[in-house]
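This report describes one structure in plain terms. Keep the sequence and the 3D view at hand while reading.

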2 protein chains.
Amino acid sequence: MSKSISIFDTTLRDGTQGEGISFSADDKIKIAMKLDALGVHYIEGGIPGSNSKDIEFFKRVKDLGLNAKITAFGSTRRKESVAAHDANLKCILESGAQAATLVGKSWDFHVHTALQTTLEENLSMIFDSISFLKSSGLEVIFDAEHFFDGYKNNPEYAVSVLSKAREAGADWLVMCDTNGGTLPHEIHGIVTALNGHLPQAPLGIHTHNDCELAVANTLSAVQAGVTHVQGTMNGYGERCGNANLCSIIPNLQVKLGYEVIGENNIRNLTNTARYISEIANVNMPVNQPYVGNAAFAHKGGIHVSAILRDSRTYEHIEPEKVGNKQRILVSELAGQSNIVSKAQDMGLQFDPSSQQAKTVIGKIKDLEHQGYQFEGADASLELLLREANGEVHELFTFESFKMLVEKTAGRPVVSEAFVKINVGGQSIYTAGEGNGPVNALDNALRKALLQYFPSLEDMHLSDYKVRVLDDKETTAARVRVLIESKNAVHSWNTVGVSGNVIEASWEALVDSMRYALLGQISPEWIEHDQQPRQGIINH
Amino acid sequence: MSKSISIFDTTLRDGTQGEGISFSADDKIKIAMKLDALGVHYIEGGIPGSNSKDIEFFKRVKDLGLNAKITAFGSTRRKESVAAHDANLKCILESGAQAATLVGKSWDFHVHTALQTTLEENLSMIFDSISFLKSSGLEVIFDAEHFFDGYKNNPEYAVSVLSKAREAGADWLVMCDTNGGTLPHEIHGIVTALNGHLPQAPLGIHTHNDCELAVANTLSAVQAGVTHVQGTMNGYGERCGNANLCSIIPNLQVKLGYEVIGENNIRNLTNTARYISEIANVNMPVNQPYVGNAAFAHKGGIHVSAILRDSRTYEHIEPEKVGNKQRILVSELAGQSNIVSKAQDMGLQFDPSSQQAKTVIGKIKDLEHQGYQFEGADASLELLLREANGEVHELFTFESFKMLVEKTAGRPVVSEAFVKINVGGQSIYTAGEGNGPVNALDNALRKALLQYFPSLEDMHLSDYKVRVLDDKETTAARVRVLIESKNAVHSWNTVGVSGNVIEASWEALVDSMRYALLGQISPEWIEHDQQPRQGIINH
């Protein structure tokens with residue numbers, strides 16, 4: 001079994017139909033480069049002529065020298081018209097793309113209801129449009145919309161559509177399950193029957209996830225002989241999404257032994273998926289198969305002790321094969337062995353039988369009980385563990401903060417923060433403004449620290465999450481704040497919990513700064529032998 | 001085809017292994033009641049004896065008189081011990097559950113590596129444990145862990161495990177794909193072979209989603225003859241989650257015609273799924289099949305016009321069958337018809353062609369664009385619509401608020417709010433404290449209003465949610481606050497959006513009070529002919 005499968009990525013076209021997914025031309029260029037590096041065979045860039053972003057994309061992508069074929073999307077010509085005069089087909093030609101995806105109807109019901117034309121005219125629309133693009137030297141991928149619904153309703157007509165497309169010279173005949181309602185055994189049955197009608201046809205598959213079966217439907221089609229697979233990264237797409245290439249590629253290559261993108265490239269899968277989710281500005285679900293942050297995470301105590309003995313006991317593949325990694329979660333359920341293995345990951349010398357270790361494990365459990373969650377706050381956890389190991393030099397201590405939010409009818413809201421900290425025996429008092437309370441606190445604290453720790457200059461907060469922990473007491477309930485911070489090279493996460501959202505944010509902010517200063521043993525003015533100034537400094 | 005399938009829900013046990021999923025005993029009781037109303041056949045409640053929440057759950061659930069069988073989870077007895085003395089088996093008996101799920105090993109590799117015992121002893125552990133529980137009158141569901149990996153490695157041994165469990169009287173023999181690595185065609189092949197080895201055996205299936213195939217694997221097993229299906233609501237579970245019952249139930253019942261939970265119950269599917277995600281305090285992915293908010297949403301212009309002509313053109317089932325509904329995104333025409341239908345739901349006379357209607361529809365779209373979301377804030381939407389209809393009497397107006405949070409090292413954080421509003425020409429200035437800023441604002445505003453509107457006495461905030469809308473700008477990003485309020489009979493939801501979490505909370509708070517006062521036309525001191533007092537009143 002080393003049949004090769006060609007991968008057609010439509011993240012940049014069908015993916016953008018997903019709720020909340022939108023890419024600038026620049027985003028599209030970045031994603032195309034990343035997809036090319038992953039080794040997909042086709043990158044569908046958009047609909048040329050439909051909007052300025054897509055026009056710009058097709059213009060810029062030509063100069064990048066990508067290996068993947070850039071593909072432009074469009075429909076067959078309008079009814080009762082001439083292909084050579086069709087605006088949409090002309091845009092495809094002008095885009096300069098090497099390949100075109102042409103969508104056409106294959107469900108007789110749709111020909112009547114949506115196109116409002118005859119079955120014969122639809123066949124001509126398909127034939128003419130493909131012939132026109134082929135005669136201009138393009139590779140043509142024909143997407144037969146609603147193919148499976150069409151086949152169930154009128155198999156003869158659905159087959160005649162593919163057969164007409166082939167006659168016109170289409171390079172791929174792609175069967176689309178546009179509504180996502182077809183089941184795997186149906187796909188297998190229909191593709192198998194089709195092999196009889198159209199022997200040796202270059203068949204492709206395009207599925208949607210409305211029944212949570214898009215990946216299974218794709219595998220089913222491939223197992224019945226299809227060799228071209230369309231999908232999107234992270235399954236982005238309209239309604240429930242398109243078939244998720246991040247699951248399909250490893251299923252085909254790692255599990256079923258097809259030649260897809262090769263052993264080296266697939267190691268970039270996790271990284272590529274996360275990069276694209278960053279650009280899309282959509283959180284990747286932690287439980288996303290293969291590439292999610294929890295895909296190889298272990299929480300249960302029994303599982304963890306077995307995993308540490310032999311990872312095959314609870315892992316279906318080695319996570320490294322797809323560029324992911326095993327994570328042992330710190331949680332109430334699992335406890336000590338988890339924390340020890342975390343500490344080892346951080347390169348800490350950590351003797352689990354020591355009194356120190358027992359104390360810090362007790363402390364972590366207690367904090368978890370209060371609502372802290374270290375699964376998403378590695379930096380706060382690392383601070384606790386290093387502290388227990390005596391490795392943390394506290395470079396500043398907290399004295400007080402005040403936070404004021406003021407709003408008068410008809411005028412913008414104002415947020416101010418006043419922070420007092422102590423560095424090397426010296427009290428520093430600063431004020432900061434912001435367009436929200438946390439922003440104001442961040443500005444005030446940063447102002448206090450920057451003069452002593454200029455290395456903080458290049459860090460900034462990059463994500464802020466708030467969760468109410470117990471909805472029973474409502475505004476009096478506990479709140480958990482998670483903060484992500486970044487500098488030029490790293491990102492780290494910290495946590496704070498309190499009945500008060502401002503206090504919880506403050507805790508997470510302070511941890512973020514402490515983490516950024518790990519390894520530094522004194523303020524820079526002490527390192528440079530300056531004298532600490534006396535008294536309170538106001539800024 | 002009207003074979004019936006028994007549904008075994010393990011949201012409360014295996015589901016809690018999911019990252020970020022944790023339920024109190026109270027949560028568990030609420031979910032069990034909701035699952036029972038949905039008509040699932042088994043509800044696995046937890047691991048009795050493992051923690052106090054599960055113990056409390058089993059104690060309380062007995063009195064609810066649910067139709068579903070409550071099931072307690074545990075492992076087969078420890079090696080080289082006696083079942084009747086096994087602490088874990090005794091806990092199951094003491095829990096008072098009607099049924100027990102017993103997990104046992106069926107992969108020889110695991111018997112050696114994880115249990116570190118002999119294949120024979122493992123068979124005895126299974127036989128003894130099941131016999132012991134059966135002799136105490138429990139129904140026993142045997143979960144054969146890693147069954148498919150076991151079968152691939154040593155089919156004879158895997159079969160002997162099931163056969164031993166059956167001999168001991170197990171009511172269901174459940175094949176688990178514990179690592180989630182098995183593919184649908186493998187499941188189909190193995191279950192089919194098993195039908196030969198163990199004719200007429202009452203087989204069940206339990207899958208995980210590590211290859212994004214848990215739903216397909218379950219269907220595959222059912223199509224090969226399995227009649228008992230284990231899974232969780234929304235697919236909660238360790239790593240990539242368990243098989244998602246919210247997709248499996250409609251696939252089996254609506255698509256394949258099995259008898260599962262009945263036509264009426266399945267209309268509660270969307271509602272149940274969303275309720276459980278609320279209790280879990282986990283956002284439901286908008287693109288979740290069948291029950292997600294985008295599952296029947298249409299964005300593309302061509303799709304939308306076809307959908308409006310005939311919804312079968314782009315919908316694989318009628319959304320109402322599973323209690324969901326069609327949503328048309330963006331298109332102006334569609335937005336309008338949605339709002340009109342909402343207004344009608346509220347019993348409002350609302351002429352969509354009037355200038356008033358056009359103005360409010362424009363306003364709502366603009367607010368949505370700013371990040372307001374009225375799906376979860378019906379009361380705020382109703383206020384906007386009634387306002388447009390001239391039905392809202394503004395009983396108070398906002399003048400200003402100040403909110404102060406102060407924290408000094410070693411002392412508890414203090415939150416104070418100062419609110420100035422105007423009732424009937426009279427300025428009222430109040431102060432309130434709270435253990436968080438929103439609590440303080442709520443207390444101050446309530447103090448100002450209560451003297452004029454004593455009917456507010458019996459309302460209180462019952463839920464508070466914060467969402468950061470745009471994580472690119474972090475602490476300077478926009479924040480959406482959703483507040484749920486309750487009185488003795490009703491609950492209602494309001495929304496606020498701002499760059500400032502305090503201002504967003506204030507907006508939602510004020511809307512909540514305004515909604516509570518709908519229908520009242522003047523302060524009660526005016527109704528009672530009292531004289532309004534002059535000047536500012538300080539409390």
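Why does His146(A) count as buried? The number of C-beta neighbours inside 10 Å decides: His146(A) has 27, so it counts as buried. A residue is buried if 20 or more other C-beta atoms lie within 10 Å of its own, exposed if 12 or fewer, and partly exposed in between, with C-beta atoms placed from the backbone.

## About the model

This is a predicted model, in which local features need pLDDT of at least 70 and side-chain atom pairs count only at pLDDT 80 or more, while totals for chains, interfaces and linings use all residues. Residues are numbered from 1 along each chain as its sequence is written, and chains are lettered from A and ligands numbered from 1 in the order in which they are written.

## Two loop residues

Most residues other than glycine have a negative phi. His146(A) has a positive phi, near 55°, and lies in the loop between strand E5 (139-145) and helix H6 (147-153) of chain A. Helices (H or I, at least four residues) and strands (E, at least two) are DSSP runs, numbered from the N terminus.

In chain B, Gln200(B) also has a positive phi, near 65°. Its loop runs between helix H8 (184-197) and strand E7 (203-207) of chain B. Gln200(B) counts as exposed because it has 8 C-beta neighbours inside 10 Å.

## Helix H4 of chain A

Helix H4 of chain A covers residues 108-115, and His110(A), Val111(A) and Ala114(A) are buried there. These residues are on the same side of H4(A) because they cover an arc of only 105° around the axis. The arc is that of the directions from the helix axis to the C-beta atoms. Just after H4(A), Gln116(A) has a positive phi of about 55°.

## Domains of chain A

Chain A has domain 1 (6-280), domain 2 (297-369) and domain 3 (397-538), with bounds from an automatic or database domain assignment. The centres of domain 1 and domain 3 of chain A, taken over C-alpha atoms, are 49 Å apart.

## Where the chains meet

In total, 91 residues of chain A are in contact with 90 residues of chain B; contact means that C-beta atoms, placed from the backbone, lie within 7 Å. On the side of chain A that touches chain B, strand E11 (residues 397-408) of chain A gives the largest share, eleven residues.

E11(A) and strand E11 (residues 397-408) of chain B run antiparallel and are joined by nine bridges; strands pair if DSSP finds at least two bridges between them. Lys402(A) stands opposite Glu406(B) in E11(B).

Notes. Contact = placed C-beta atoms within 7 Å.
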